[in-house]
Amino acid sequence: KPGEQKHPKEPSSLQCMHLAVVACGDRLEETLIMLKSAVLFSNRRLCFHIFAEDSLKPEFERKLKEWPSSYTKKFESNFYPITFSVGNAQEWKKLFKPCAAQRLFLPVILKDVDSLLYVDTDVLFLRPIDDIWHLLREFNSSQLAAMAPEHELPKIGWYSRFARHPYYGTAGLNSGVMLMNLTRIRSARFKNSLIPGGLTWEEMLYPLYQKYKNYITWGDQDLLNIIFYFNPECLYVFPCQWNYRPDHCMYGSNCRGAEEEGVSILHGNRGVYHDDKQPTFKALYEVIRDFPFEDNLFQSLYYPLQSKFLDTVHTLCGRIPQVFLKQIEKTMKKVYENRVIVYLGANHRY
C-alpha cells in the first residue's frame with residue numbers, strides 16, 4: 001500500500017530520518033517552530049538530535065510533550081549538551097553565533113548515526129523531509145555532504161566580493177541546511193592547506209580554525225567553505241529551493257528552482273521572522289507557529305497564509321507569492337490525501 005514501510009526489519013536508527021539542530025540563547029521558539037514544520041509534513045519517522053544549553057532542555061521537553069499524540073508518535077527526541085571535542089571550548093562557543101560551531105562536531109558526537117540533516121533554527125520545511133532525505137541516494141561514491149550555494153549570482157554574492165579565505169565554487173556555500181553522510185565523513189581523509197597528507201575531519205578542525213581565524217567572518221560556515229574548497233569532489237550541491245533565503249528575492253528573483261517548483265525549505269536568516277523587513281518570510285513563520293495541530297491544514301494554515309500574503313505584494317519578495325505558496329500547497333494536498341486514506345481505514349503507518 002502507498003506509504004507503508006518497505007523494510008520493516010531495518011534497525012530503528014535506519015527507519016529514522018535524523019534531524020539535528022543547535023539551539024542557544026533566545027532560539028527556543030524558533031527551533032520548536034522548525035521542528036513543528038518537520039513533523040507536520042513528513043511521512044517517515046523522525047529522530048531529533050537537539051543540542052541545547054542546559055537551561056533550555058526542560059522547556060524543550062515540556063513543549064514537545066504538549067503536542068498531540070498523533071504527532072508525538074511520529075518522532076523521538078534526543079538532547080545533548082554543547083560540547084567540542086578538540087581545541088578551546090570557549091573559543092568554539094563564541095565563534096560567529098553562540099554555539100553554531102557545534103555543527104562541525106556532529107560526525108564525532110553522533111557516532112551511531114549514519115546520515116543526518118542539519119538545519120539552522122531559522123529554517124522552515126514546506127514539504128516532507130523525506131524529499132531532501134532522498135538526495136542522499138544521489139551522492140556519488142566520493143560525495144559525503146550536500147549544501148546549497150550562498151548565492152546564485154557571484155557578482156552580488158558575499159564570498160565573491162569580500163572573502164579573504166578560500167571558499168567553494170564561484171559564490172561559496174550556505175551551511176544553514178546541510179545533508180551529511182556521517183559514516184563517510186568519519187572515514188574520509190581530507191586534503192587541506194596544513195600538511196601534504198590528508199587529515200581526518202576531527203584532526204583538521206582546530207588547526208584549520210587556528211590558521212584562518214583572523215580571516216573568517218561567518219564562523220563555522222567559512223570553515224566548511226575552506227574544507228570543500230580543498231575537497232570539491234566531496235560535495236553534492238543542491239539547488240536554491242532547498243535553502244531559500246531573503247537574498248533570493250530581495251534583489252529581484254534569482255532562484256530559478258523556486259520559480260519552477262516553489263520553495264522547499266525556507267531559511268529566514270538575518271532575523272527576518274522577527275522584524276518587518278521581509279513580511280513574506282514572517283507571514284510563513286507566524287502561520288506555522290499559530291497553526292493548531294489538529295485543525296484542517298487548508299482551513300487553518302493555507303488560507304490564512306494566502307490572506308497574509310496579500311498584505312505583502314508591495315514588497316520585493318511579496319511580488320512573487322507563487323514561489324512561496326506553490327510547494328506548500330502541493331505538500332498539504334498530499335498530507336490531506338494521506339489522512340483521508342487513514343480515515344478510510346487503510347492500514348497506513350507513518
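## Salt bridges and packing

E150 and R245 form a salt bridge through their side chains, at 3.8 Å from N to O. A salt bridge here is a side-chain nitrogen of Lys or Arg within 4 Å of a carboxyl oxygen of Asp or Glu. E150 sits in the loop between β6 (145–149) and α8 (158–162) and R245 in the loop between β8 (235–237) and α12 (256–261), so the pair ties together parts that are 95 residues apart in sequence. Helices (H or I, at least four residues) and strands (E, at least two) are DSSP runs, numbered from the N terminus.

The model is predicted: local features need pLDDT of at least 70, side-chain atom pairs count only at pLDDT 80 or more, and totals for chains, interfaces and linings use all residues. Residues are numbered from 1 along each chain as its sequence is written, and side-chain values use heavy atoms, with hydrogens and water left out.

The structure holds 18 salt bridges; two of them are listed here.

| Salt bridge | Closest N to O distance |
|---|---|
| E261 with R127 | 3.5 Å |

The domain assignment gives domain 1 (17–238) and domain 2 (241–345), with bounds from an automatic or database domain assignment. Their centres, taken over C-alpha atoms, are 23 Å apart. About 3100 Å² is buried between domain 1 and domain 2, 63% of it on carbon and sulfur atoms; buried area is the accessible area (1.4 Å probe) that two parts lose on being put together, summed over both. L124, L126 and R127 supply 24% of the area that domain 1 buries against domain 2, more than any other three residues. Across this interface the rule finds 2 salt bridges.

Helix α2 (residues 28–41) packs against helix α13 (residues 279–290) at about 75°, with axes 10 Å apart. Axes are lines fitted to C-alpha atoms, for helices over the stretch in contact, and angles run from 0 to 180 degrees between N-to-C directions.
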